[in-house]
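Work through the exercises below with the structure at hand, and try each task before reading its solution.

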Amino acid sequence: MGSRKSASFSRAPTGMAEVLRALDEADTQSAWLQAAEAHDALLGLDEWRRDDASPHLDGALIRQEIAELQRLRRSSDGLGLARVLTESVYRHLADLRSPEVYGLALSGTKQVVTDFLDEVEASLRWLAETPIPGLSAADTRARFEAAWKVYGRSALMLSGGATWGFFHIGVVKSLFQEGLLPAILSGASTGAMVAAGIGARTDAELAELFAHPDRMRRDGLKPVGLRRAWDQRAWLDPEQLLAVLHHNVGDWTFAEAFARSGRALNISVSPTRTRQRPRVLSHLTAPDVLVASAALASSALPGLFPAVVLEQRRGDGSRGPYVPSERWVDGSLYEDLPKLRLARMHNVNHFIVSQTNPHVVPFVRHYGQSGLLSGVAGLTSAAVRTQGAYAAELASRATRHSRGPLGQLADRAQALVTQDYRGDIDVHPRFRWELMAKIAVNPSAEDLRVFIAEGERATWPQLARIRNETRLGRVFQDCVARLAGPGR
């Protein structure tokens, strides 16, 4: 496929045909947004954005509370501002995160939402910067830390998906360039490989990676001979994939990766032993485990790669096995999206999911959309999922006392069909047959470019919602860092 022609117009596109072409051909976020604003203007949706009325939020009440926050700030009533701010944020939090207020206009949501978030941010920063009578600096910091803990944090979760997982790189690139990449990342299978490469890099190194993605190795899938395939019960060479991971990820432990980047990397791995539980490896749960070995284990789909013994770096710098009696396989089998574990470890309550599993994408694309076709698609996928879960449950019951391959296969099948594959905000690729054919092959340089471009394009329509829903979390983080700084 050749490179796309840039759709950056010197003027806003006018007719709907031109607008749709501009949306389809946009190769930068700014070009896409220009076309999206023209689209909304043609359909009168810019008027919808300016109108506070909505069945999904109380625009009039929000306006009243904006005015009250401004009054308290002007009168320097810090304690009153903190009280009203807390009440107002939690009163409207569910409304502000409602998918319906983002479902019409491509370029964003209601202006009243943006105005409210503007005022909340201004109020939080004022409280962090202004001495308040009766509160010491330590008290103010403690209040902000407690409020941030109650408010919660956001995480980006990268699913499995074989070669389709290179789509995640475009999602991460778009978020990073907009300053929206969460500090908490998780990945499973191919998502673990991408998350590992992101979680171990500094911001400067990430910018370099996105500027030169061709420097990544893409030759991780190497078949072995029949004899070795029989001996290891798998068709592909794990040493080859590990060498690629060392090149793309580096030689860091989870603790070292966190210290370098400040990003909390989490990688899911699944057990091979019946009574073992799936794990999420991170700088908190497995600080000395090497990230590359964890990504290898998380990508070890049975039949393609053999199970993996994790590797750690000891205190003296030597390497060795981590829990040598246990072997681990593909993280997507049991916990593609380990939301509960991230909630417990990192206080996450808001999840952005980049979903590329081919057995999942057709069933989640309709989620959050309106219209008859989306409704029919939702009913169909729900029926398929329900029947699949019932069949898997029957199989699991029938093999419950079996510790052999049949029982393990039934358990994995049940885990696959009963997992929750959705987040608060979902990003997924367009279904394209030409990419489906490349789901289990090493991508060419052009394939990689296409996957990254697809990831970016799928993220652009979600940026306004992601920016708004993560905004206060980012403000809390900034304020806590400021209050914890020198001299405070």
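**Exercise 1.** Determine how much space lies in the second largest pocket of this predicted model, and which residues and elements line that pocket.

*Solution.* Begin with the volume: the second largest pocket holds about 780 Å³ of space. Next, take the lining, which comprises 43 residues, with Ala162, Thr163, Ser189, Thr190 and Met193 lying nearest the centre of the pocket. Then assign the lining to elements: helix 9, helix 12 (238–249) and helix 15 (332–335) are those that contribute two or more residues. Finally, sort the lining by class, which gives 25 nonpolar, 13 polar and five charged residues.

**Exercise 2.** Explain why helix 9 can be called largely enclosed by the rest of the structure.

*Solution.* Apply the cut-off for burial, under 20% relative accessible area, to residues 190–199. The buried residues of helix 9 are Thr190, Gly191, Ala192, Val194, Ala195, Ala196, Gly197, Ile198 and Gly199. Nine of the ten residues are therefore buried, and so the helix is largely enclosed by the rest of the structure.

**Exercise 3.** Identify the residues with the most contacts inside the largest nonpolar core, and trace the surroundings of Ile267.

*Solution.* The largest nonpolar core has 67 residues, and those with the most contacts inside it are Leu181, Ile198 and Ile267. Leaving aside residues up to four places away in sequence, Ile267 touches Gly187, Ala192, Ala196, Phe254, Arg279, Val280, Leu281, Val291, Ala294, Ala295 and Ser298. A second, separate core of 33 residues includes Ile62, Leu93, Val101 and Leu117.

Definitions and conventions:
Residues are numbered from 1 along each chain as its sequence is written. This is a predicted model: local features need pLDDT of at least 70, side-chain atom pairs count only at pLDDT 80 or more; totals for chains, interfaces and linings use all residues. Side-chain values use heavy atoms; hydrogens and water are left out. Buried means under 20% relative accessible area, exposed over 50%, partly exposed in between (1.4 Å probe, protein chains only). Helices (H or I, at least four residues) and strands (E, at least two) are DSSP runs, numbered from the N terminus. A nonpolar core is a set of buried Ala, Val, Leu, Ile, Met, Phe, Trp, Tyr and Cys residues joined through side-chain atoms within 4.5 Å. Contact means heavy atoms within 4.5 Å. On a 1 Å grid over the protein atoms alone, a cavity is a set of points where a 1.4 Å probe fits but cannot get out, and a pocket is an open set with protein on both sides within 12 Å along at least five of seven lines; lining residues have an atom within 4 Å of a point. Grid points are joined across faces, edges and corners, and a volume is the space filled by probe spheres set on the points. Ala, Val, Leu, Ile, Met, Phe, Trp, Tyr, Cys and Pro count as nonpolar, Asp, Glu, Lys and Arg as charged, and the others, Gly among them, as polar.
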